[in-house]
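Hi,

Here is the structure I promised to pass on. Have a look at it first, and then read my notes below.

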Amino acid sequence: IVTIVVLEASGRIDHAENKDHVPVGEFEAVHIKPGEEFRMSPKSSELHAVCEQGYLAIAADVDPEFPGILVDYRNKKPGQALDRLFATERETGEFRFDTSVARVFPDMIRRSVPGYTTIIPMIEVITEQYARPGSHCYDLGCSLGASTLAMRHGIGDRDCTLTGVDNSAAMIERCEHYIALDDHPLPVSLRCEDILDTAIENASVTTLNFTLQFVDPDRRAELMARIANATLPGGVLILSEKIRFESDTEQSTQTQLHHEFKRANGYSDLEISQKRSALEQVLIPETLTEHRERLINAGFSEVMVWYQCFNFVSMLAIK
Ligand code: GEK
């Protein structure tokens, strides 16, 4: 599933624009003889079937906006919707991680965050290096679970627990599907809650992949301190963030390059500017110096930038 998510995120899986003929499932006829016992799973199939003029029609009923293409078994993942959320002029309201965002999220994050498609597989590599048997691993702000699945595969067969947390019910609901489609045996515990309330202990690897930027700046130090306190010696925090720069020239150059990246990925000027206004009050970037100082004050002994592309960075904080 990591391969599929990475291929998906890197845009190497082609999806037809026309979703009219996408299969909703793969079915097998099982012949049950009269009187033979059979077992039905207590879990809902999330499909419904109707008989229309002698034809059996089956549709997915989990996503009301896409009733016919929910599961695309060819790619073994929920059908991919394109992000057109800011394509038409709209009332500028605050950006929220609601159902409409969750539905287009893989497309949105791949086209909006430079380096995302590199960072995800590297989270697997870093987790593989630092996950300690007998410890807990956390993905805080897991969205649809791309970083969670990378951590799961990085942990491999080590005796660790893995917890994904997000306060968007729409994200967690879809994340469950992605986790279930992945065949790795490590259980993933998903929690729909504010990461400020998540209990963290005995941690070897914690990931905040573009999540801290959405947390109230006044609560960030307290969260970092809790993570640092709960991290075992030699354990790590992977912290990816959109940053701002101290120099005005660098700020405007890097912002311009980020907008060019979005344009190259098919976003129009209207989409870029409307998304920017929607995020203004919600995503609050800080400088690298602010991040470093906070991490060191929290109790991490070393902080390094292991990845940067324009105004998007990923740091490794080691306890
Ligand atoms: C990935 N890590 O694909 N508590 C819990 N969740 C939160 C909070 C909070 N206080 N604030 C925001 N979120 C993922 C991508 S996206 C990044 C992470 C982005 C959640 C929010 O609901 C969203 O799902 C996620 O953090 C941020 O690797 O959209 O730029």
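Before the notes, one cut-off you will need: a residue is called buried when its relative accessible area is under 20%, exposed when that figure is over 50%, and partly exposed in between. Also keep in mind that this is a predicted model.

Arg 152 belongs to helix α4. Its relative accessibility is 5%, so it counts as buried. What does the side chain of Arg 152 reach at 3.1 Å? That is the backbone oxygen of His 184. There is a side-chain partner too: Arg 152 and Asp 182 are joined by a polar contact of 2.6 Å.

You'll find it in the largest pocket. Helices α2 (99–112), α3 (116–130) and α4 (146–155) are the elements that each give two or more residues to the shell around it. There are 22 residues around the ligand, and those that come nearest are Tyr 116, Gly 141, Ser 143, Asp 166 and Asn 209. By type, the shell splits into eleven nonpolar, eight polar and three charged residues.

- Tyr 116 has a polar side-chain atom 2.6 Å from an oxygen atom of the ligand.
- Asp 166 has a side-chain N or O atom that is also 2.6 Å from an oxygen atom of the ligand.
- Gly 141 takes part through its backbone, with an N or O atom 2.8 Å from a nitrogen atom of the ligand.

How much of the ligand does the protein bury? On its own the ligand exposes 650 Å², and the protein buries 94% of that.

Last, some backbone angles. Most residues other than glycine have a negative phi. Ser 143, which is not a glycine, has a positive phi of about 50 degrees.

Asn 202 is another case: it isn't a glycine either, and its phi is positive at about 45 degrees. Look for Asn 202 in the loop between β7 (188–192) and β8 (203–209). Is Asn 202 buried or partly exposed? Its relative accessibility is 30%, so Asn 202 counts as partly exposed.

Over to you, and happy browsing!

Note on methods. Residues are numbered from 1 along each chain as its sequence is written. This is a predicted model: local features need pLDDT of at least 70, side-chain atom pairs count only at pLDDT 80 or more; totals for chains, interfaces and linings use all residues. Side-chain values use heavy atoms; hydrogens and water are left out. A residue is near a molecule or strand if one of its heavy atoms lies within 4 Å of it. A polar contact is a pair of N or O atoms within 3.5 Å; within protein, one must be able to donate a hydrogen and the other to accept it, and residues adjacent in sequence count only if both atoms are side-chain atoms. Accessible areas come from the Shrake-Rupley method with a 1.4 Å probe; for residues, only the protein chains shown count as cover. On a 1 Å grid over the protein atoms alone, a cavity is a set of points where a 1.4 Å probe fits but cannot get out, and a pocket is an open set with protein on both sides within 12 Å along at least five of seven lines; lining residues have an atom within 4 Å of a point. A molecule sits in a cavity or pocket if more than half of its atoms lie within 2 Å of its grid points. Helices (H or I, at least four residues) and strands (E, at least two) are DSSP runs, numbered from the N terminus. Ala, Val, Leu, Ile, Met, Phe, Trp, Tyr, Cys and Pro count as nonpolar, Asp, Glu, Lys and Arg as charged, and the others, Gly among them, as polar. Buried means under 20% relative accessible area, exposed over 50%, partly exposed in between (1.4 Å probe, protein chains only).
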